[in-house]
Amino acid sequence: MGSDRWEPAAFKTRVDEVLHRFVAQEADQFAAIDPLLGPVAEQLEMAVADGKRLRAAFCYWGWRAVGQPDSDALVRAAASMELVHAAAVVHDDLIDESSLRHGRATVHVALRGAVRRRPRADAAARSLAMLVGDLLMALAGQLFTTSGLPAAYLSRARPLWSVMARELVAGECLDILSTGAGPDTTASLKVVRYKTAKYTVEQPLLIGGALAGADGRLREGYSAYGLPLGEAFQLRDDLLGLFGDPERTGKANADDVCGNRPTALLAETWRLADDADRERLRALLGRRRLDAQELNSVREVMRGLKAPDRIEGMISARVEQALGALHELDAPAPATSALTALAQSAANRPF
């Protein structure tokens, strides 16, 4: 994929090859310490088995938009963004008690088999999953620093890693602290921004740009494009989480309702609801188990209030804002074309 034409499938293949080889080597070294570690090493590899590789793509085009050429070393550095994502997913699934990801058992569920004969097996499996996430984050930094890019380039981007980690953890903490509190759309959108939007689009773009020596105007443009697009991505994810087909999304669709998560969809539903609707919702939100009929009842309330339509409106407005900022960047045509296509694929995923 060295040409200027954006070929998402070819790029994904390049990133997958980097990730799978790197993590397989690390997993082998980890498992060699003791045979007991085999199941944990296997989950390290499973954590990077799937993915659209959007974060790597945004990092790559953050580099290319400065005018830098295609580079295998840059692809390795960009692939480290996917290890940050893998770590965040393992931790997020653990916090949310999600059981399904990419159509497979989440890490803390998969690891129950390794500890099934031990006291407090569920807690032990959760502890193992937490450590898998921690190791994935450490491996992200290792892949980045050993990417093969010049040390001077890496040093320009290194401070952004601290910002990315701080904001990602802050977003996850806000998610936990806001769960079960009174629904508030403004607060939910802040969680969206810090928990997902920044590390999905803005920070990968900024890191790619910093590696390439982007100037201040370009960095401001990256944020003006990346923040609204990252928010649109998560708002779409919230809709898919409840209204999407689990066969396509690979995730259980009751998690946000059962967890009474601070999503903008739930907050908008509550804001629009009358007393009768709120009474129905109170009986269902936060319940650990919901059958299909109860889940459909939540969907009926939402549709009746047109809450999903309001979220669709938020998504469209943010994509439009992002594309407007992109076209003011005056980036090279291949980068503008690729970032336009990435905006559409990030925000308009099928149900």
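Mentor: Gladly. Let us start with a definition: Ala, Val, Leu, Ile, Met, Phe, Trp, Tyr, Cys and Pro count as nonpolar, Asp, Glu, Lys and Arg as charged, and the others, Gly among them, as polar. Keep in mind that this is a predicted model.

Trainee: How does the lining of the second largest pocket divide into nonpolar, polar and charged residues?

Mentor: There are five nonpolar, five polar and nine charged residues in that lining. The closest to the pocket's centre are Asp96, Glu97, Asp255, Arg288 and Arg289; Asp, Glu and Arg are on the charged list, so these five count as charged. The pocket holds about 520 Å³ of space.

Trainee: Why is the second largest pocket said to lie between domain 1 and domain 2?

Mentor: Its lining takes residues from both domain 1 (1–149) and domain 2 (150–350), so the pocket lies between them. Helices α5 (107–110), α6 (121–145) and α11 (255–258) each supply at least two lining residues.

Trainee: What makes Tyr222 count as buried?

Mentor: Buried means under 20% relative accessible area. Tyr222 has 0% relative accessibility, so it counts as buried. Tyr222 sits in helix α9 (residues 216–243), and its contacts beyond four places in sequence include Trp61, Leu205 and Leu329.

Notes
Residues numbered from 1 in each chain as written. Predicted model: local features only at pLDDT ≥ 70, side-chain atom pairs only at ≥ 80, totals over all residues. Heavy atoms only, no water. 1 Å grid on protein atoms, 1.4 Å probe; cavity = no way out; pocket = protein on both sides within 12 Å on 5 of 7 lines; lining within 4 Å. Points joined across faces, edges and corners; volume = space filled by probe spheres on them. Helix = DSSP H or I, 4+ residues; strand = E, 2+ residues; numbered from the N terminus. Domains from an automatic or database assignment. Buried < 20%, exposed > 50% of the residue type's maximum accessible area, 1.4 Å probe, protein only. Contact = heavy atoms within 4.5 Å.
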